[in-house]
Amino acid sequence: MPSFLADIGVGMENLVISFNVVLPIFICIALGYFLKRIHMLGEETLKQLNKLCFKVFLPVYLFNNIYATNLTDSFNGKLLLVAICGLLGWFIILMIIIPLVEKEDSKRGVMVQGIFRSNFALFGLPVAISLCGEENVGPTSLLIGIVVPVFNVLAVITLEIFRGGKPSMKKMIKGVVTNPLILASLVGILCNGFHLHLPSAVEKAAVDIGRVATPLSLIALGGSFTFSKIKRNLTQLTICVMGKLIISPLVMVIVGIVFGFRNEFLVPVLIMFGAPTAVSSFPMAQQMDGDGELAAEVVVFTSAFAILTIFLWVFALKQLQYI
């Protein structure tokens, strides 16, 4: 009985962790929705906010994240190999399967990135710190610094391919190399790799600017969200939620266990593949002619259901003594 009670206590603690990670996201989304309803945010303002987040705030936030990551001390070759190969394999599978079940190009790109692209930077560290302690989050920080740029490159490729018309390799390459998120990632990697340090005043300003990215993106997302149109995208939304929160982490956690990952090395695999869809997927979809309504719904609903799924994943892995 004491063991059973201890397990219940751990489960409740993990539920609180997941809830505290996701709740701030929903507060910002709800604020955006409320501001739109009382006409403090109009359609044109929301478009400008999305553009600003995509071209300024999110790139600075991403740069800061990579710039501050200690890539050398946290390096684990096997973990990195499994994560990157798993991501690329999952991406290829989705690029084959999604066009078979969805006929509209604007929805295809949104669905593919909605399933493979995680809110890893925002979701990963808080959960890893709560589960492993601050002294053991190196592997998670490493994956955030390296994988997030890969997420962005694959997302740009996806949205360019399904942008409409005949895919142009030249246009796709241009879309990748001129994407603000990818450029910010590359600059962050260069500064980190060559140990280039910004002046303290510039670094502080960059941190302050980057902090605006997530709440402002979420407010804009909430303002763009329309409940009346959910029914129209119900099938696509169901596929994205199931693929993102259940199928993807199930496959990759099993792979991680087979490769011998435990504790602080298995947690980043779980969060990378089981976290809700990245907030930045919404403004990127809007800017690249994807279905913005579906992109917003995918972020909102994967974030909502992640409270339950992350709790269940963490509880199950703790019960099995893998973390």
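**Close-up 1. Lining of the second largest cavity.** Three nonpolar, three polar and three charged residues make up the lining of the second largest cavity. Here Ala, Val, Leu, Ile, Met, Phe, Trp, Tyr, Cys and Pro count as nonpolar, Asp, Glu, Lys and Arg as charged, and the others, Gly among them, as polar. The model is predicted: local features need pLDDT of at least 70, side-chain atom pairs count only at pLDDT 80 or more, and totals for chains, interfaces and linings use all residues. Residues are numbered from 1 along each chain as its sequence is written, and side-chain values use heavy atoms, with hydrogens and water left out. The lining residues are Asp 105, Ser 106, Gly 109, Leu 159, Phe 162, Arg 163, Met 288, Asp 289 and Gly 290. Helix H4 (residues 105-116) supplies the largest share, three residues. The volume of this cavity is about 40 Å³. On a 1 Å grid over the protein atoms alone, a cavity is a set of points where a 1.4 Å probe fits but cannot get out, and a pocket is an open set with protein on both sides within 12 Å along at least five of seven lines; lining residues have an atom within 4 Å of a point. Grid points are joined across faces, edges and corners, and a volume is the space filled by probe spheres set on the points. Helices are DSSP runs (H or I, at least four residues), numbered from the N terminus.

**Close-up 2. The largest cavity.** Two cavities of 30 Å³ or more turn up in a search of the whole structure. The largest holds about 220 Å³ of space. Its lining has 17 residues, with Tyr 61, Asn 119, Ala 121, Ala 278 and Ser 280 nearest the centre. Helices H2 (43-67), H5 (120-132) and H6 (138-161) each give two or more residues to this lining. By class, 11 are nonpolar, five polar and one charged.

**Close-up 3. H2 against H10.** Helix H2 meets helix H10 (residues 213-224) through residues including Leu 46, Phe 57 and Tyr 61 in H2 and Leu 216, Ala 220 and Ser 224 in H10; contact means heavy atoms within 4.5 Å. The residues of this contact comprise nine nonpolar, five polar and no charged.

**Close-up 4. The largest pocket.** About 200 Å³ of space lies in the largest pocket. Of its 13 lining residues, Glu 43, Ser 224, Thr 226, Gln 286 and Glu 293 lie nearest the centre. H2 gives the most to the lining, four residues. The lining divides into three nonpolar, six polar and four charged residues.
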